[in-house]
Amino acid sequence: MTTTRRSALIGLGGALALSGCSRGSSPGGAHSRDVVAAGSPAALLVWAVARERLAGWPRRPAPAALSALPALAADLPELGGLTGNNRQANLEAIAALKPRLIIDYGNTDPEYQALAERLKARLGADWRLIDGSLTRIPEAIREAGALLEAGRNADPLADQAAEVLERWRRAPSGPGFYYARGADGLETGFRGALATEVLEGAGWTNVAEGSRDIGRVTREQVAAWDPEVLVTLDSGFAEAVRRDPAWRWRGNGERRRLLLLPDRPFGWVDRPPSVNRLLGCAWLADPKGSTMIVGALSRRLYGMAPVEVAQPRWVW
């Protein structure tokens, strides 16, 4: 567990102990906006399963993301996060909501579980931590469905998620890739990082070595790794490097390829690392034949889909 996440939890626990908040009915009545998501991954899980229960966003989606979601998404306030790297929540405001349930989705190490139990006792509202592992997304969806009394929505989505992941596991091996994050492409997920799990799990080889997390690198390092493919979610980066030979050509003189993955309403490989990653898995399992599956999955995950669901694009 990261220092940021640990310190946020400790700070939250102290503040809630002082606030003396207790369980109560939600402002919208029972089963309406009565669930707080501890971070962005949890918010997307709750949104996919029972969006009418979500009290607000830990971090409000960008306008482009909101335009691809039902109107309810724009109506929800930004609450801040209780864990993770989102803007930290106003603890008094969260306590005043008197949520019936707080859901976190992600790391389940023993230390974090112990902290969550202490917070649950201090808050007076149930706090549930759901395993955020990519391969356990179907189980996470079913667990959230049971907690939110939304099995009718959750079970078909969980079944489809299981089918997608089964095909993803059987995907043929892919190229050596470098995951270019940000406008300059010099932030990346190293081999084994959560940010690149969707690609690596489909048999693509991450050339970035030296850590197991996300970090900054240099152009010289990228050149030395010499990936066959650059993968990005950032259209600005894709445009900026279009005519840059240092990015475009490999050391042996072959042309390097650039794959632009969708990020609307949320990224297909991370940002955040939640159920949205199923779309990346579906495409990697069958790049040429996944259009209908991606469209149906988008509608289940988000409640509606754009008229034309964005697809990955080979820029060059």
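## Two helices side by side

Helices α7 and α8 are roughly antiparallel to each other, since angles over 145 degrees count that way. In this predicted model, the angle between α7 (residues 137–147) and α8 (residues 151–169) is about 175°, and their axes lie 8 Å apart.

## Gln-160 in α8

Helix α8 also holds Gln-160. This residue counts as buried because its relative accessibility is 11%, and the cut-off for buried is under 20%.

What does Gln-160 contact, leaving aside its neighbours within four places in sequence? Its partners are Ile-293, Ala-296, Leu-297 and Arg-300.

## A five-stranded sheet

Elsewhere in the model, five strands form an open sheet with mixed pairing, in the order β6-β4-β8-β9-β10. The edges belong to β6 (205–206) and β10 (313–314); each has a single partner strand, so one side of each has no neighbour in the sheet.

For β6, have a look at strand β4 (residues 176–180): the two run parallel and are joined by two bridges. Within this pair, Thr-205 in β6 stands opposite Gly-176.

Conventions. Residues are numbered from 1 along each chain as its sequence is written. This is a predicted model: local features need pLDDT of at least 70, side-chain atom pairs count only at pLDDT 80 or more; totals for chains, interfaces and linings use all residues. Side-chain values use heavy atoms; hydrogens and water are left out. Axes are lines fitted to C-alpha atoms, for helices over the stretch in contact, and angles run from 0 to 180 degrees between N-to-C directions. Helices (H or I, at least four residues) and strands (E, at least two) are DSSP runs, numbered from the N terminus. Angles under 35 degrees count as roughly parallel, over 145 as roughly antiparallel, 65 to 115 as roughly perpendicular and the rest as oblique. Buried means under 20% relative accessible area, exposed over 50%, partly exposed in between (1.4 Å probe, protein chains only). Contact means heavy atoms within 4.5 Å. Two strands pair if DSSP finds at least two bridges between them.
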